[in-house]
Each structure stands twice: as C-alpha cells, then as structure tokens.
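Me: Hi! I'm new to reading protein structures and would like a close look at one part of this one. Could you start with a single residue and then walk me onward from there?

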Amino acid sequence: PVADPDRLVVLQERRNRNNTASLGASLLRYDRYLGYRDASAGVLSGLAGQAYESFSVRLGDQARTVNGLATSGNYFDVLGVRPALGRFYTAAQDAPGGAEPVVVLGYDFWQRALSGDRGVIGRMLYVDSRPLTIIGVAPPGFRGAFAGVFAFDLWVPAAAYQRPPPGATAARNREPRYALMTVFGRLAPGLSIERASAALKVIGQRVPNENAQIRVTDVRVEPLSGVPLELRGAVERFMTMLLAVAGLVLLIAATNAAGMLVARAATRRREIATRHAVGASRGRLGSQLLVESTLLCAGAGAAALLLAWWLTRLIDAWQPPFPIQLAAGVGVNARVVWVAAAIVVGTSVIAGLAPALQATKMDLAVAMREGGPQSGVRRTRLRSAFVVAQVTMTVVLLSVAGLFVRALQRALAVDPGFVPAGVVRAGLSPSPHGYDRAGARALFDQLVERL
C-alpha cells in the first residue's frame, strides 16, 4: 500500500578510502543523510532514512523482542502510506531536540499482541525502557519500504529514539544512537533517474564528511525494487536458479503432456481422417487439437493458481520457533495471474503443436485403414523423441538435486568443536536501555551470579 512506487529510488554512494576504490554503499551516516535531505529539494520531492533495530517491548508483566525501524520523520510522507488507525508522525514532529516520543504499530503486531484493540491510540508502550505514546497503526500488508525477511512491528522517529531512556548515564547521553541509515526518496515530478543521479553527484561533493580518509567519488540512485542493495545480488542469483529449476520441471511436464496428446491423437487417426475427408481443412483440424490442449492446460493452470494461493498463505503464516516474526512476502496477485496465463498459452503450444502437426500430415488412405507400417514408424519415432527429452531433462534435474543434498549433508556434518547437545544461548543488549560500559558489565556479573 505505497503511493506511486515506481518513483521511489534508493540512494547509493561510491567511495574512495585512502585512494583505494571501494564498492558502492547504500548505508549513510545520519549526518550525511541530513545533508542530502536539505540540499536535494529540487531533485527529490522527499528523502527519508531508516535503520533496522530489534526492540524490547514490555507488554504487561512480560518483555518480548520485536523487529522494527527507527526512521526519519518524513518516512511515511515519502512513501505515501495511509494509517489504518490513528495517525503517523511527520517531519515537523521529528526535529532534533524536540522530537515527539511516539510509536507506530505494525498491523499484524497490533492484531497479534494487542488483539486489534482500537482503543490503543494514546496509550503508553515501553520500548527499550522508553515510554512512547502509540499514535497510529500501519495499514495491513505494509511491512516497510524494503521487502525483507523480517516483518516490522514498530516504527519510531529516529531523533526521538536517540534520546537516552530515563536513568541513562551522562556518557550514554553523548553517544549517537544511529550512525548508519538506508536512504531512499521519491523523484521530483518529470525528473529521470539519470538526471537525478547527475544532480546528486554534485550535491554529494558538497555534503560535509567527517572522515577525511573517505572521499565520495560517485552518487547514484536506483529504483527501489523492494530488496536492499546489499542483498540484491544474492537474491537475484538464488531466484534465477529457482526459476531455472522450475522451468525445467515445467518443460518435463509439458513434454509428458505432449507425449500423451500424441498417443491420444494416434487413437483418433480414423476420426481425424474422416473429418478431413468430409471437408475439414488441415488448418482447422490442427486448430481443434490446439484448442483441446489449451483447455487441458487452462484447467491445470487454474488448479495451480488455487494451490499456489493456498501454499503462499501457509508459508506466510508459518513462523519459526523464535520471537522475531518473519515475512515471506509472497502471494498471488494480478501480475502472477497474468504470468501464469502466459505460461499456460506457451505450454499449450508446446504440448499441442506436435500432435496437431502429426494429425494434419497423416496419410488419409493409411489412416482410414486404422494404421499401417509407415504410420507406426512415425508414431514410434515421435514418442521416442519425447521420451528421450523427458529422460534427459529429468537426469539433469536429479543430478542438481543430488548435488544440493550432498552440499546440505556436508554443511550439517561440520564439527563445531564442541558438543552442542544441551547448550543454549541467550542474547542481551543493555546499551539501548541506558547502560554504559561499566553498568553493562555490572549487570552481566549479577546475571551470571544469579544463574
């Protein structure tokens, strides 16, 4: 539920450290984000930043870990999202030093943890020992600007969250909460990505940089595809491999269907020959067989869409046994239906073309006698070709599957150097709750003693 997503772009810098070229980075220091935001008004209609964070939330007498985002105040304005309940914080409420201590809940978290109570607006929620006022609930289906692995449950203004919680030490007061943010924006009307990149490159040279060893050599923007830049290469490679395997399975299924349709057409040779003898053209006979294969594939495609809809809902509802909620972000939408329809048409042609050509090139005299040596040879060769194709692709698929299984076996057989049975692990982050280094050390000593 984001307005005009095609105009959203993510900002990336290419840096030179000690005269050594480095790869582009989409994570910017908070102060550099502010510099870009103030100087890019004519290039971008809005520039927002976000930082991933695991929050500790107190609900009643229990605390739980949730995944969330600390964002700039204009985050929701740039995305063009409307709240399902209440309101969102804005740039005016996120000014440094005067930020409003508020929180926006994710729709799923609101339903899961607070039972969808519409009276939560105005209540206090303790997030990392900070009392924050609940002001709104995000719309259903909204999980942030990037379609990541985690389902975000909370959004807080970064400037407000940089304030230490009550009881924090003076040393903690001076430490910046967020050093790096992912920065994205919305292109100004009528401006292309190329022109925006050229303008931002000039702006990037003027934005102050605290580290003199790092020099920004290039700035560019890319379409916000939903996958963070740091993960995009790995995701694209994995999805390409997954699509290749799925395509191979589809080809095997289409070849199998084509073989069965060839066998079915062979049993109808006399019927087809009779139709041709009484005036049906070869083109019309071939069209009839193609229509029959299309109807067969359309029924299979409809069943596949129903199965996919059910399976994606099952995947999205599945959660592993740890507190942070995952978001598969998969589902059947209009684009999936159109792609499935194109695959149905393509598969229909692949599966129906061979029997249609065979039926229209038959010898009428031989077909009327229901078979002969020539037709038998032709039919055997065509079926053999399909069988060879099926076996070839299946062997390739099984070989790849065997390699995956073997790689998994090797990964599971790695010796960690200790006996993991009965060993448990716990994580604790005292710093967001206002502990300095000495206070955190004292806390851990007390916990170890009590345990």
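Reply: Happy to! Let's begin with Asp 4, which counts as partly exposed because its relative accessibility is 45%, and partly exposed is the class between under 20% (buried) and over 50% (exposed). Please keep in mind that this is a predicted model. Asp 4 sits in the segment that comes before strand E1, which covers 8-17. Its backbone is worth a look too: the phi of Asp 4 is near 45°, a positive value in a residue other than glycine. Here is some background for that remark: most residues other than glycine have a negative phi.

You can find Ser 115 in the loop between helix H3 (107-114) and strand E8 (124-127). Which class does Ser 115 fall into, buried or exposed? With a relative accessibility of 65%, Ser 115 counts as exposed, because the cut-off for that class is over 50%.

Now let's step back to the whole chain. The protein chain has 451 residues, and 36% of them count as buried. Its secondary structure includes 13 helices and twelve strands. The accessible surface of the chain comes to about 25800 Å², and 62% of this belongs to carbon and sulfur atoms. What about contacts along the chain? Among contacts with a separation of 6 or more, 74% are accounted for by residues 24 or more positions apart.

Met 393 and Leu 248 are 145 residues apart along the chain, yet their C-alpha atoms are separated by 6.9 Å. Leaving aside residues up to four places away in sequence, Met 393 touches Leu 248, Leu 251, Ile 252 and Thr 255.

Ala 440 is another buried residue, with a relative accessible area of 14%, and its place is in helix H13, residues 437-450. Which residues does Ala 440 touch, not counting those up to four places away in sequence? They are Pro 430 and Tyr 435. From Ala 440 to Pro 430 is ten residues in sequence and 6.0 Å in space, C-alpha to C-alpha.

Let's finish with a pair of helices. In general, two packed helices are described by the angle between their axes and the distance between the axes. Helix H1 (residues 30-39) and helix H6 (residues 193-206) pack at an angle of about 125°, and their axes are 10 Å apart. That angle makes H1 oblique to H6. The crossing of H1 past H6 is right-handed. On the H1 side, Arg 32, Tyr 36 and Ala 39 take part, and they meet Leu 200, Ile 203 and Gly 204 in H6. Sorted by class, this contact has four nonpolar residues, one polar and one charged.

Helix H6 also holds Arg 195. This residue counts as exposed, at 54% relative accessibility. Arg 195 and Arg 220 are 25 residues apart along the chain, with their C-alpha atoms separated by 9.6 Å.

Key:
Residues are numbered from 1 along each chain as its sequence is written. This is a predicted model: local features need pLDDT of at least 70, side-chain atom pairs count only at pLDDT 80 or more; totals for chains, interfaces and linings use all residues. Side-chain values use heavy atoms; hydrogens and water are left out. Axes are lines fitted to C-alpha atoms, for helices over the stretch in contact, and angles run from 0 to 180 degrees between N-to-C directions. Helices (H or I, at least four residues) and strands (E, at least two) are DSSP runs, numbered from the N terminus. Angles under 35 degrees count as roughly parallel, over 145 as roughly antiparallel, 65 to 115 as roughly perpendicular and the rest as oblique. A crossing is left-handed if the near helix is turned anticlockwise from the far one by less than a right angle, and right-handed if clockwise. Contact means heavy atoms within 4.5 Å. Ala, Val, Leu, Ile, Met, Phe, Trp, Tyr, Cys and Pro count as nonpolar, Asp, Glu, Lys and Arg as charged, and the others, Gly among them, as polar. Buried means under 20% relative accessible area, exposed over 50%, partly exposed in between (1.4 Å probe, protein chains only). Accessible areas come from the Shrake-Rupley method with a 1.4 Å probe; for residues, only the protein chains shown count as cover.
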